[in-house]
Amino acid sequence: MQNTVYIMGIFSRSALNKKPNDSTRLIITTFLGIVFGFLIGVSFPSLSVSKLNFASGLLPTIDLSYMGENKLGISTHSVSNSSSNSTTSSSAKLNDTSKIWIPSNPRGAERLPPGIIVAESDFNLRRLWGKPSEDLTNIPKYLVTFTVGYNQRHNIDACVKKFSANFTILLFHYDGRVSEWDQFEWSRQAIHVSARKQTKWWYAKRFLHPDIVASYDYIFIWDEDLGVEHFNAEEYIKLVKKHGLELSQPGLEPNKGLTWQMTKRRGDQEVHNFVEIMAPVFSRDAWRCVWYMIQNDLVHGWGLDFAMRKCIEPAHEKIGVVDSQWIVHQRVPSLGNQVEQEHHFYYFISVSERCRKEWTMFQNRVASAENEYFKKLGTMRSNSTAH
């Protein structure tokens, strides 16, 4: 019993004697740790995540400057003023070069590098397999469009056969019947656009943007009721190039149908001046201007042929009718047949009325726009320059 008490007494006394020394050591160790940590903190350079060399495969699209400052909470400011200014300057420089903004790019594409921009297109059909560079065995140079209804399929078949493989064929279907055209072998390689009861200028404004047809040297925008027995497309192109015509059309058979006197074929020459919009052929540059002239809401195009000369200089030399390649206007009221029989007469009258109104509206818009332009220049346009 005494031994036990003695031992416990010694243990208790020993523990009491060591307690002050341990507390002192703990205080001293803590103080030294704080001092050491402070010295490390002020002497270690600030960490910028934007300078870390992450593997591109791990962080492919992360904006490191944004992540470093806003997501990870890592300070990019140094304690000293000089370091702070240097860091701010570097961040600003990084922001300037890490984002793309090129005002000279097409509108809406300012954020893209110029090397990736494809501003133009075409109607060339592409495969779903193989190499893109091997898709096209033949690249057409010209585009021919017809606004068609299925009832005129045989006439269109005859027309299309007048155009070689150098032409892309584009059909605008106003009656909604498209699949039936597959009976013609060429139709399976043609481009088909269907919208019910619309005119060719409605289609042209919406589907023939200059950047879409930029790869074609010439664009034919034709009606469906044209006889082409005396027409050869390749020969026609040769004459257009020979005479430098930017806007042209084949001559019209003088004894067939009602046509402008100035567009009738003249048998004693290759070409004479003027063009009607029944079967116009535009050069790439001429079409780029004319497309912008076409009004979105005026669908019949009345008066457009008289204003097209504004897009071509000099008009009297570069607008013409190719007499030696001529066509016949068959005057088939095809689009009008889309109306119910009991409404045919009313339809004819109301459509004719709208055509005349559109002509007046177009003329007024052109005159108003030109007057406004010259007014801003501070000059008055003389009547002698009006068309």
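View 1. Not counting residues up to four places away in sequence, Trp287 touches Trp201, Ala204, Leu208, Pro210, Val213, Ile219, Ile221, Phe282 and Ile294, a contact being heavy atoms within 4.5 Å. Trp287 lies in helix α7, where helices (H or I, at least four residues) and strands (E, at least two) are DSSP runs numbered from the N terminus. Trp287 is buried, with a relative accessible area of 0%; buried means under 20% relative accessible area (1.4 Å probe, protein chains only). The side chain of Trp287 reaches the backbone oxygen of Leu208 at 2.8 Å.

**View 2. The largest nonpolar core.** This core, a set of buried Ala, Val, Leu, Ile, Met, Phe, Trp, Tyr and Cys residues joined through side-chain atoms within 4.5 Å, has 37 residues, and those with the most contacts inside it are Trp201, Leu208 and Trp287. Elements that each supply at least two of its residues include β2 (167-173), α5 (200-207) and α10 (344-377), while the largest share, 5 residues, comes from α7.

**View 3. The contacts of Trp201.** Leaving aside neighbours within four places in sequence, Trp201 is in contact with residues including Ile277, Pro280, Val299, His300, Gly301, Leu304 and Met308. Between Trp287 and Met308, which are 21 residues apart in sequence, the C-alpha to C-alpha distance is 9.5 Å.

**View 4. A second, separate core.** This core of 34 residues includes Val160, Trp181, Trp186 and Ala279.

Residues are numbered from 1 along each chain as its sequence is written, and side-chain values use heavy atoms, leaving out hydrogens and water. In this predicted model, local features need pLDDT of at least 70 and side-chain atom pairs count only at pLDDT 80 or more, whereas totals for chains, interfaces and linings use all residues.

Note on methods: Buried means under 20% relative accessible area, exposed over 50%, partly exposed in between (1.4 Å probe, protein chains only). A polar contact is a pair of N or O atoms within 3.5 Å; within protein, one must be able to donate a hydrogen and the other to accept it, and residues adjacent in sequence count only if both atoms are side-chain atoms.
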